[in-house]
Amino acid sequence: MADSYILKIFRGHPTHQYWEEFELEMVPSANIISSLMEIQRRPINRLGEKVAPVVWESGCLEEVCGSCSMLINGYPRQACTALIEQMINTTGQNTIRLAPLTKFPLVRDLIVDRSRMFEDLKRIHAWIDVGETSSNSQPGPKIYPEKQKVMYQLSTCMTCGCCLEACPQVNAHSAFIGPAAISQARLFNANPVGYTQRSLRLRPLMEEGGVSDCGNSQNCVQVCPKNIPLADSIAAVGRDVTFQALNDLFSFPDREE
Ligand code: SF4
Ligand code: SF4
Ligand code: FES
């Protein structure tokens, strides 16, 4: 194990970004967050200058909240589960590059504003209105185990933004909503109660920036840390959107996924 390693961080604010290097002592089991905490304690760069501490976002520290997502050696992933020693062994280099995600507005250093993802969830009605049934003590409708299994996996999305970062269709010139929200529409439509409000989820996905803007490159599937079957979700929602459009035109009878 080497004695030290270098974190090369693309930091700054929206109008000025620059690379800055920090040399850190190798600590067994260190991850990117613990290394950033070390820099926060002792913000001295490789040139020996005392600088403003690097800022980043984190919460759960166990790859559940998605807030620590950043580009690590150019790959979108969570900093809390990125082990220093493992990365150095994999790349054979003792420098690790950190940069903020590029598909979201930069706040400062490694923090970006992922609000668009939460706004998109509101747009596609990513919840189930229980209404009067919330005070009803009767069990809810049955869901078969095979379907539960799929729904559980879809429900693990942590809105981390990695799939949007990797998606070529998500860019400054496109209104594409991205795969995460599409997959959440599939999740809530798969619930028998949620299914009754599927048109609220499908109609926004028929508009500009909806599911038909997906270019099917499947980059999103490659980077999703939760292994969510995003391509399946996009295909399923694509079919449902077509059916919804026909239904709106001709009022066909309902069908369930
Ligand atoms: S499959 Fe669609 S959503 Fe996924 S990365 Fe490609 S274009 Fe983006
Ligand atoms: S679908 Fe996967 S990559 Fe995309 S936001 Fe959810 S957890 Fe992150
Ligand atoms: S801190 Fe929550 S996913 Fe890393």
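The paragraphs below lead through this predicted model, from its overall build to its ligands, its salt bridges and its surface.

Because this is a predicted model, local features need pLDDT of at least 70 and side-chain atom pairs count only at pLDDT 80 or more, while totals for chains, interfaces and linings use all residues. Residues are numbered from 1 along each chain as its sequence is written, chains are lettered from A and ligands numbered from 1 in the order in which they are written, and side-chain values use heavy atoms, with hydrogens and water left out.

The protein has 10 helices and 7 strands, where helices (H or I, at least four residues) and strands (E, at least two) are DSSP runs numbered from the N terminus. Its C-alpha atoms fill a box of roughly 70 × 40 × 35 Å, taken along the principal axes. Of the 257 residues in the protein, 43% are buried; here buried means under 20% relative accessible area, exposed means over 50%, and partly exposed lies in between, with a 1.4 Å probe and protein chains only.

Two ligands come next. Ligand 1 is surrounded by 13 residues, the closest being Cys 167, Cys 214, Ser 217, Gln 218 and Cys 220, and a residue is counted as near if one of its heavy atoms lies within 4 Å. This shell divides into 7 nonpolar, 6 polar and no charged residues, in a scheme where Ala, Val, Leu, Ile, Met, Phe, Trp, Tyr, Cys and Pro count as nonpolar, Asp, Glu, Lys and Arg as charged, and the others, Gly among them, as polar. Cys 220 is buried, with a relative accessible area of 8%. Around ligand 2 there are also 13 residues, of which Cys 157, Cys 160, Gly 161, Cys 163 and Cys 224 come nearest, and by class this shell has 11 nonpolar, 2 polar and no charged residues. A search of the whole structure finds 0 disulfides, a disulfide being a pair of cysteine sulfur atoms within 2.5 Å.

Side chains of opposite charge can pair when their charged atoms come close. The structure holds 9 salt bridges, each being a side-chain nitrogen of Lys or Arg within 4 Å of a carboxyl oxygen of Asp or Glu. In one of them Asp 109 pairs with Arg 11, with the closest N and O atoms 3.2 Å apart. Asp 109 lies in the loop between β6 and β7 (111-112) and Arg 11 in strand β1 (residues 4-13), so this pair ties together parts that are 98 residues apart in sequence. Both Asp 109 and Arg 11 are buried.

Another salt bridge joins the side chains of Glu 23 and Arg 46 (3.8 Å, N to O). This pair links distant parts of the chain, with Glu 23 in strand β2 (residues 16-25) and Arg 46 in the loop between α1 (32-41) and β3 (69-72), 23 residues apart. Glu 23 is partly exposed at 43% relative accessibility, and Arg 46 is partly exposed at 46%.

Leu 246 lies in helix α10 (residues 230-250) and is partly exposed, with a relative accessible area of 34%.
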